[in-house]
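Keep the 3D view open while reading.

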Amino acid sequence: FTELLMAMYHDLNLWPNIWNGLPIAGIDGTLENILSKEHNELCGKIRAKTGSMSGVSTLSGYLESKNKELLAFSIMINGFIDSQKKYRKLQNDILYALR
């Protein structure tokens, strides 16, 4: 997935539509409420798409790092039987570490 995200970034014809079509963390769409209070400094710095179903939680997209670099990421967690809550926190923790 990260290779696909990087390829889309380098496709000048495709990139504006991809970038403008992704929800923004803490602001809109499926990412409006995704960040916990401890991760609120990531608001506006992540554009990504979520995916979930029973036992699966995924998040793939782009993160603007502290030094203004754009990082492609893909976090896929599957095979769990309990609540997604702790796995979404894990995704947030991973993104916070990448920043």
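Asp93 is partly exposed, with 29% relative accessible area. The model is predicted. Asp93 pairs with Lys89 in a salt bridge, 2.9 Å from N to O. In total, four salt bridges are counted. The largest pocket holds about 160 Å³ of space.

- Lys89 and Asp93 both sit in helix H3.
- Lys89 is partly exposed, at 37% relative accessible area.
- Asp93, at 29%, is partly exposed too.

- Glu41 and Arg99 form a salt bridge, with 2.7 Å between the closest N and O atoms.
- This pair links distant parts of the chain, 58 residues apart.
- Glu41 belongs to the loop between helix H2 (15–21) and S1.
- Arg99 belongs to the segment after helix H3 (85–98).
- Glu41 has a relative accessible area of 38% and is partly exposed.

**Salt bridge between Lys68 and Glu64**

- The side chains of Lys68 and Glu64 meet at 3.3 Å, N to O, in a salt bridge.
- Is Lys68 buried or exposed? Lys68 counts as exposed, at 59% relative accessibility.
- The cut-off for exposed is over 50%, so Lys68 falls in that class with its 59%.
- Glu64 is partly exposed, with a relative accessible area of 25%.

**Largest pocket**

- The space in the largest pocket comes to about 160 Å³.
- Which elements give two or more residues to the lining of the largest pocket? They are helix H1 (2–10), strand S1 (46–53) and strand S2 (56–64).
- The lining of the largest pocket has 13 residues.
- Nearest the centre of the largest pocket lie Phe1, Leu5, Lys49, Ser60 and Gly61.
- By class, the lining divides into seven nonpolar residues, five polar and one charged.
- Lys counts as charged, so Lys49, a lining residue, falls in the charged class.
- Phe and Leu count as nonpolar, so Phe1 and Leu5 belong to the nonpolar part of the lining.

Terms used:
Residues numbered from 1 in each chain as written. Predicted model: local features only at pLDDT ≥ 70, side-chain atom pairs only at ≥ 80, totals over all residues. Heavy atoms only, no water. 1 Å grid on protein atoms, 1.4 Å probe; cavity = no way out; pocket = protein on both sides within 12 Å on 5 of 7 lines; lining within 4 Å. Points joined across faces, edges and corners; volume = space filled by probe spheres on them. Helix = DSSP H or I, 4+ residues; strand = E, 2+ residues; numbered from the N terminus. Buried < 20%, exposed > 50% of the residue type's maximum accessible area, 1.4 Å probe, protein only.
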